[in-house]
Amino acid sequence: MRKAVIAVPPVRDFYFTPRRATALGAGVLDRELKKTGWKTSLLNLPLMDKPRTVPLPDELEYLNSSIIPGETGPLSWFTAFRRFGPLFSDAAEIIAREKPDTLFISSFAWAYAEEARRLAEAAARRMPELPIVIGGHGPSSLPEYFLNASHPVFPEKPLFTRVISGEIEGRGEVLKINESGIRYLDLRDLKSNREIKPVAGESVIRAGRRSISIILTRGCPKKCRFCSNHICHGRIFRSSPPNLWEEEVIRIAEQISGRNGKIHLNIEDDNILFLKKDFFDFLGSLKRQFSDITFTAENGLDYMFLEENDINRLKKNGFTHLNLSLGVLSDNTRTNENRAGNTEKLAKLIQRCREVDLPLTTHFICGLAGDSSKDIVQTLRFLDGLPTQIGISNFYPVPGLEGFTDTEVFLNNPPRLALGSSVYPWTGALSSTQLITAFRLSRWSNFRKKMERSLLPDTEFSIEKELYSRIKKSHQLHTIHRERGKDRERVVVPVEHLDETMVAEFFS
Ligand code: SF4
């Protein structure tokens with residue numbers, strides 16, 4: 001039987017969370033390979049070593065003035081660039097130990113395309129004859145980046161034996177490496193009645209529970225301009241039969257902790273509320289079978305599909321935290337972005353969450369084309385006035401998004417400029433300083449609300465109390481700094497390199 005190693009490349013970024021390490025795409029590939037007769041080994045490399053601080057890459061030097069080394073506490077921005085997972089050379093050794101016949105690399109985001117390529121190069125140096133196949137969101141966005149890469153040992157040969165765009169689900173047979181010499185497979189436009197199955201990802205321990213991420217559906221017919229979902233999954237919404245959703249949860253729960261273990265299910269779908277009745281039936285049925293189960297939907301639920309009574313049902317069924325997607329507040333930008341919205345409705349839903357004591361984060365996107373710093377301050381003030389935590393996501397492009405179809409721009413610039421954490425001013429609407437100012441203001445709002453609800457006990461957080469009162473009095477953003485030296489004392493310091501106009505407007 002042929003042996004396939006599926007590798008999720010190490011990540012280099014300012015941060016990485018367990019939710020981003022779910023390797024759902026790699027899980028689908030694993031299933032397809034097994035179905036078509038391969039023996040497999042899945043290496044989720046970002047989870048295979050401790051995070052390490054690495055030098056800030058040259059292309060992110062523009063962030064140097066905004067980084068406060070030694071910064072800590074609730075208002076912190078990023079303090080260090082990190083590698084999650086082993087060195088590429090060590091990763092190649094780990095792969096070699098598995099004795100693969102073929103290496104499959106799952107590139108789950110364009111912004112990490114360089115890491116995918118570097119992993120392939122390291123593996124090719126270690127095993128020069130090994131066929132290497134790459135698929136996922138990275139190659140679906142810009143296959144040329146991978147097709148153009150040359151082999152480090154045989155420069156006349158390509159690095160990747162095959163590059164695949166689109167979904168592999170239901171098409172595992174195309175993974176056979178034969179003599180056909182086809183280097184690029186574009187599966188995005190193939191119409192077929194492929195069977196879609198739910199897939200559960202890597203499980204991690206969070207708050208004493210086994211947390212499992214699961215995705216139940218694929219594709220989205222909506223056309224939010226900022227969204228890259230369609231680039232890999234297309235614009236047709238598809239789901240597996242809802243009875244399979246439950247089967248997959250039961251299968252994975254039994255596999256990891258038995259029926260009596262404490263499990264938390266994070267539902268990754270962007271638009272699960274397209275199937276609202278099935279979704280609530282699914283939650284209710286799981287709650288009956290696993291009385292202690294808890295849920296989140298951390299990619300955010302579309303509030304336009306929710307009614308106030310649904311908030312009570314979500315709480316009753318075991319939601320521990322609700323994430324709602326505001327997307328964008330300003331009417332103009334919302335229209336430009338093809339996004340529906342109703343802020344009055346959103347405010348009522350948020351209030352209902354408070355009434356039923358369901359913690360909530362409302363997410364918005366910052367830095368869209370047409371945004372102004374005034375719009376962003378208005379959004380922050382709107383959310384600041386409501387009982388919700390604020391989740392801020394910086395806009396970042398993916399090759400192929402409307403307005404970002406010039407492939408040369410992406411082939412001639414490092415992919416990591418498209419990290420959300422790089423706060424690169426892609427649309428020119430807001431500068432990097434303004435994007436960071438908005439981030440810090442949102443953190444202040446979250447911190448203020450926690451302090452005012454006394455969620456931080458009086459005794460233990462004196463430095464946080466000082467931070468709170470300094471900002472309240474001065475209307476200037478401050479943060480906590482850990483001093484160098486033996487005692488590593490924490491002190492409150494003002495934050496520099498901000499957009500002072502945005503700060504003044506926020507506090508006015
Ligand atoms: S943001 Fe959500 S609703 Fe909009 S296109 Fe993307 S997946 Fe669909």
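Glycine 367 counts as buried, with 26 C-beta neighbours inside 10 Å; a residue is called buried if 20 or more other C-beta atoms lie within 10 Å of its own, exposed if 12 or fewer, and partly exposed in between, with C-beta atoms placed from the backbone. The model is predicted: local features need pLDDT of at least 70, side-chain atom pairs count only at pLDDT 80 or more, and totals for chains, interfaces and linings use all residues. Residues are numbered from 1 along each chain as its sequence is written. With that in hand, here is a friendly tour.

**Around glycine 367**

- Glycine 367 is found in the loop between strand 18 and helix 12 (373–384); helices (H or I, at least four residues) and strands (E, at least two) are DSSP runs, numbered from the N terminus.
- Leaving aside neighbours within four places in sequence, glycine 367 is in contact with Asn394, Phe395, Thr427, Ala429, Leu430 and Leu435. Two residues are in contact if their C-beta atoms, placed from the backbone, lie within 7 Å.
- Leucine 477 is 110 residues away from glycine 367 along the chain, and their C-alpha atoms are separated by 21 Å.

**The chain as a whole**

- The protein chain has 16 helices and 21 strands.
- Its radius of gyration is 23 Å, close to the 23 Å that the globule rule gives for 508 residues, so the chain is as compact as a globular protein of that length. The radius is taken over C-alpha atoms, and the globule rule is 2.2 Å times the number of residues to the power 0.38.
- Taken along the principal axes, the C-alpha atoms fill a box of roughly 70 × 50 × 50 Å.
- Of the 508 residues, 42% count as buried.
- Among contacts between residues at least 6 apart in sequence, 75% join residues at least 24 apart.

**The ligand shell**

- Cys220, Lys222, Cys224, Cys227, Asn229, Asp270 and Asn271 surround the ligand; a residue is near a molecule if its C-beta atom, placed from the backbone, lies within 6 Å of it.
- This shell divides into three nonpolar, two polar and two charged residues. Ala, Val, Leu, Ile, Met, Phe, Trp, Tyr, Cys and Pro count as nonpolar, Asp, Glu, Lys and Arg as charged, and the others, Gly among them, as polar.

**Helix 7 with helix 8**

- Two packed helices are described by the angle between their axes and the distance between the axes.
- The axes of helix 7 (residues 242–256) and helix 8 (residues 276–289) come within 10 Å and cross at roughly 35°. Axes are lines fitted to C-alpha atoms, for helices over the stretch in contact, and angles run from 0 to 180 degrees between N-to-C directions.
- The crossing of helix 7 and helix 8 is right-handed, a term used if the near helix is turned clockwise from the far one by less than a right angle, with anticlockwise giving left-handed.
- On the helix 7 side, Pro242, Trp245, Glu246 and Val249 meet Asp278, Asp281, Phe282, Ser285 and Leu286 in helix 8.
- The residues of this contact divide into five nonpolar, one polar and three charged.

- Most residues other than glycine have a negative phi, and most peptide bonds are trans.
- Asparagine 338 has a positive phi of about 60° although it is not a glycine. Its place is the loop between helix 10 (331–336) and helix 11 (343–355), and asparagine 338 is partly exposed, with 13 other C-beta atoms within 10 Å.
- Histidine 475, also not a glycine, has a positive phi near 55°. Histidine 475 sits in the loop between helix 15 (462–474) and strand 20 (478–482) and is exposed, with 11 other C-beta atoms within 10 Å.

**Further loop residues**

- Leucine 63, in the loop between strand 4 (52–54) and strand 5 (71–72), is buried, with 22 other C-beta atoms within 10 Å. Neighbours within four places in sequence aside, leucine 63 is in contact with Leu56 and Ser432.
- Isoleucine 236, in the loop between helix 6 (229–233) and strand 14 (238–239), counts as exposed, with 11 C-beta neighbours inside 10 Å. Not counting residues up to four places away in sequence, isoleucine 236 touches Gly219 and Pro221.
- Aspartate 357 lies in the loop between helix 11 and strand 18 (360–366) and is exposed, with 7 other C-beta atoms within 10 Å. Aspartate 357 and asparagine 312 are 45 residues apart in sequence and 9.6 Å apart in space, C-alpha to C-alpha.
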